[in-house]
Each structure stands twice: as C-alpha cells, then as structure tokens.
Amino acid sequence: MRTLYTTNSRLPYNQEYDHRFIKPVRHLRNKTLSDFADYMGVDHSTIAKLEKGQIAFTPYYQSKFKVAIAKLRVSNIELASVRKTLEMKEQRGYK
C-alpha cells in the first residue's frame, strides 16, 4: 500500500508571492475583480493593474494579498499548485 504523504515533500510555511498569483487565486475562488478587491481592501482597478503588472506589487499589496488568501481559505497546496503552473508557463514561454 502506497502512502500519499511523505516527509520529504513538505510545503514551505511562508511562501513568497508576486503579482502573477492574483488572477489564478481569484479564479480558484470564482471571484470577480470587485469581489477580490473587497477581500484585499483595495479598489478593483488596483487589482486589475496589479494583475497586469502595471503597478508594483509592493510589500503593502503583498500583505493585503496574504490577508485575502487567509479570508478565502486558500491552502498551501493550492498555492503550490499555482506556483507550479506559473513555473511551467514560464518555461514554455507563456506570459
């Protein structure tokens, strides 16, 4: 019988995020820009600009994003999945 969890595959407790995480996380929870803006406590136009990389994803926005993912109960496994997807897209040359 195979075990699903091994001690070698632990996920980092505090993961770092950038602007590329916003849209996939928002889509994971089926949230519109306005809905997600309410969770982050910023204007919906700010979310749109962050997603497009038009404004810097400063520590202020990082902290707001962490609050939003906590409120939406996004797990570390989901975030690791998003990270892996972003890495694969980058390797393949997608934006």
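Q: How many aromatic pairs does the structure hold?
A: Five aromatic pairs. Keep in mind that this is a predicted model.

Q: What is the geometry of Tyr17 and Phe21?
A: The ring centres of Tyr17 and Phe21 are 5.4 Å apart, with the planes at 75°. Edge-to-face needs over 60 degrees between planes, so this pair is edge-to-face.

Q: Are Tyr17 and Phe21 buried or exposed?
A: Both Tyr17 and Phe21 are buried.

Q: And what kind of pair do Tyr60 and Tyr61 form?
A: Tyr60 and Tyr61 are edge-to-face. Their centres are 5.2 Å apart, and the planes make 70°.

Q: Which residues do ring pairs link into a cluster?
A: Tyr17, Phe21, Phe36, Phe57 and Phe65.

Q: Let's zoom out. What is the pattern along the sequence?
A: The pattern is α-α-α-α-α. That is five helices and zero strands.

Q: How much of the protein counts as buried?
A: Of its 95 residues, 26%. The protein exposes about 7100 Å², and carbon and sulfur atoms supply 51% of that area.

Q: What share of the contacts with a separation of 6 or more comes from residues 24 or more positions apart?
A: 67% of them.

Q: Now packing. At what angle do α2 and α4 pack?
A: About 105°, with the axes 8 Å apart. Helix α2 covers residues 33-40 and helix α4 covers residues 59-71. Angles of 65 to 115 degrees count as roughly perpendicular, so α2 and α4 are roughly perpendicular to each other.

Q: Which residues make that contact?
A: From α2, Phe36, Tyr39 and Met40. From α4, Tyr61, Lys64, Phe65, Val67, Ala68 and Lys71. By class, the contact of α2 with α4 has seven nonpolar residues, two charged and no polar ones.

Q: How do the axes of α2 and α3 cross?
A: At roughly 100°, and the axes come within 8 Å. Helix α3 spans residues 44-52.

Q: Is Arg26 buried or exposed?
A: Buried. The relative accessible area of Arg26 is 8%, and the cut-off for buried is under 20%.

Q: What is Arg26 in contact with, leaving aside neighbours within four places in sequence?
A: Lys31, Thr32, Leu33, Phe36 and Glu51.

Q: What about Glu16: buried or exposed?
A: Glu16 counts as exposed, at 53% relative accessibility. Glu16 lies in the segment before α1.

Q: What does Glu16 touch, leaving aside neighbours within four places in sequence?
A: Glu16 is in contact with Phe21, Gln62 and Arg83.

Q: How far apart are Glu16 and Lys66 in space?
A: 9.7 Å, C-alpha to C-alpha. In sequence, Glu16 and Lys66 are 50 residues apart.

Notes
Residues numbered from 1 in each chain as written. Predicted model: local features only at pLDDT ≥ 70, side-chain atom pairs only at ≥ 80, totals over all residues. Heavy atoms only, no water. Axes fitted to C-alpha atoms, helices over the stretch in contact; angles between N-to-C directions. Helix = DSSP H or I, 4+ residues; strand = E, 2+ residues; numbered from the N terminus. Parallel < 35°, antiparallel > 145°, perpendicular 65-115°, else oblique. Contact = heavy atoms within 4.5 Å. Nonpolar A, V, L, I, M, F, W, Y, C, P; charged D, E, K, R; others polar. Phe/Tyr/Trp six-rings, centres within 6.5 Å; stacked < 30°, edge-to-face > 60°. Buried < 20%, exposed > 50% of the residue type's maximum accessible area, 1.4 Å probe, protein only. Areas by Shrake-Rupley, 256 points an atom, 1.4 Å probe, with all protein chains shown as cover.
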